[in-house]
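Work through the exercises below with the structure in view. Try each task before you read its solution.

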Amino acid sequence: CESLACGKPTIVSRINQYDEIPDDVCWKVDIGDFEVDLLSSYIKVLLKEKDVRETLSRNALNYAQNALNIDIIAREYYNVISNVK
C-alpha cells in the first residue's frame, strides 16, 4: 500500500488482500511453478517500457488517493457502524 501511495509500479503475489487490488493498479504474480518466470518477465517489461511504468504509476496513485485514503475509509467505517442496530 505504501508503494501504491507513492505512485510506484507495484508487483504483488496474487494472494489474500492483494488479489482485491484492481489489475490495472498493480501486477500480480500467481504463486506456483511459474512464479519466478512471471516475476522476471514483469520486471523486464517495467524496466524496458516507460509508458507501462507511467501508466501503472498513475493508476497506483489514483487508487491510493481514493481507495486507501484514511478519511474515506474512516467515513465508511462510521457509516457501517452507525447503521448497526
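Buried means under 20% relative accessible area, exposed over 50%, and partly exposed in between (1.4 Å probe, protein chains only). The model is predicted: local features need pLDDT of at least 70, side-chain atom pairs count only at pLDDT 80 or more, and totals for chains, interfaces and linings use all residues. Residues are numbered from 1 along each chain as its sequence is written, and side-chain values use heavy atoms, with hydrogens and water left out.

**Exercise 1. Classify arginine 14 and find its salt-bridge partners.**

Step 1. Take the accessibility. Arginine 14 has a relative accessible area of 32%, so this residue is partly exposed.

Step 2. Apply the criterion. A salt bridge is a side-chain nitrogen of Lys or Arg within 4 Å of a carboxyl oxygen of Asp or Glu.

Step 3. Find the partners. Aspartate 19 meets arginine 14 at 3.3 Å, N to O. Aspartate 30 also bridges to arginine 14, with the closest N and O atoms 2.8 Å apart.

Step 4. Helices (H or I, at least four residues) and strands (E, at least two) are DSSP runs, numbered from the N terminus. Aspartate 30 sits in the loop between S2 and H2, and arginine 14 in the loop between S1 and S2, so their bridge ties together parts 16 residues apart in sequence.

Step 5. Classify the partners. Aspartate 19 is partly exposed at 37% relative accessibility. Aspartate 30 is partly exposed too, at 39%.

Step 6. Join the bridges. Shared partners link Arg14, Asp19 and Asp30 into one network.

**Exercise 2. Is lysine 28 buried or exposed, and which residue does it bridge to?**

Step 1. The relative accessibility of lysine 28 is 3%, so lysine 28 counts as buried.

Step 2. Its salt-bridge partner is aspartate 23, with the closest N and O atoms 2.8 Å apart.

Step 3. Check the total. The structure holds four salt bridges.

**Exercise 3. Describe the aromatic pair.**

Step 1. Recall the method. A pair of aromatic rings is described by the distance of the centres and the angle of the planes.

Step 2. Set the limits. Rings of Phe, Tyr and Trp (its six-membered ring) pair if their centres lie within 6.5 Å; planes under 30 degrees apart count as stacked, over 60 as edge-to-face and the rest as tilted.

Step 3. Count. The structure holds one such pair. Tryptophan 27 and tyrosine 42 form it: 4.8 Å centre to centre, 45° between the planes, hence tilted.

Step 4. Locate the partners. Tryptophan 27 is in strand S2 and tyrosine 42 in helix H2 (residues 35–48), so distant parts of the chain, 15 residues apart, are linked. Both residues are buried.

**Exercise 4. List the residues of the largest nonpolar core.**

Step 1. Define it. A nonpolar core is a set of buried Ala, Val, Leu, Ile, Met, Phe, Trp, Tyr and Cys residues joined through side-chain atoms within 4.5 Å.

Step 2. List the eight members: Leu4, Val12, Ile21, Val25, Cys26, Ala60, Tyr63 and Ala64.

Step 3. Find the main contributor. Helix H3 (residues 50–67) gives the largest share, three residues.

Step 4. Look beyond it. A second, separate core of five residues includes Trp27, Val29, Tyr42 and Leu56.

**Exercise 5. Where is asparagine 16, and what is its phi?**

Step 1. Asparagine 16 is in the loop between S1 and S2.

Step 2. Its phi is near 40°, a positive value in a residue other than glycine.

Step 3. Asparagine 16 has a relative accessible area of 61%, so this residue is exposed.
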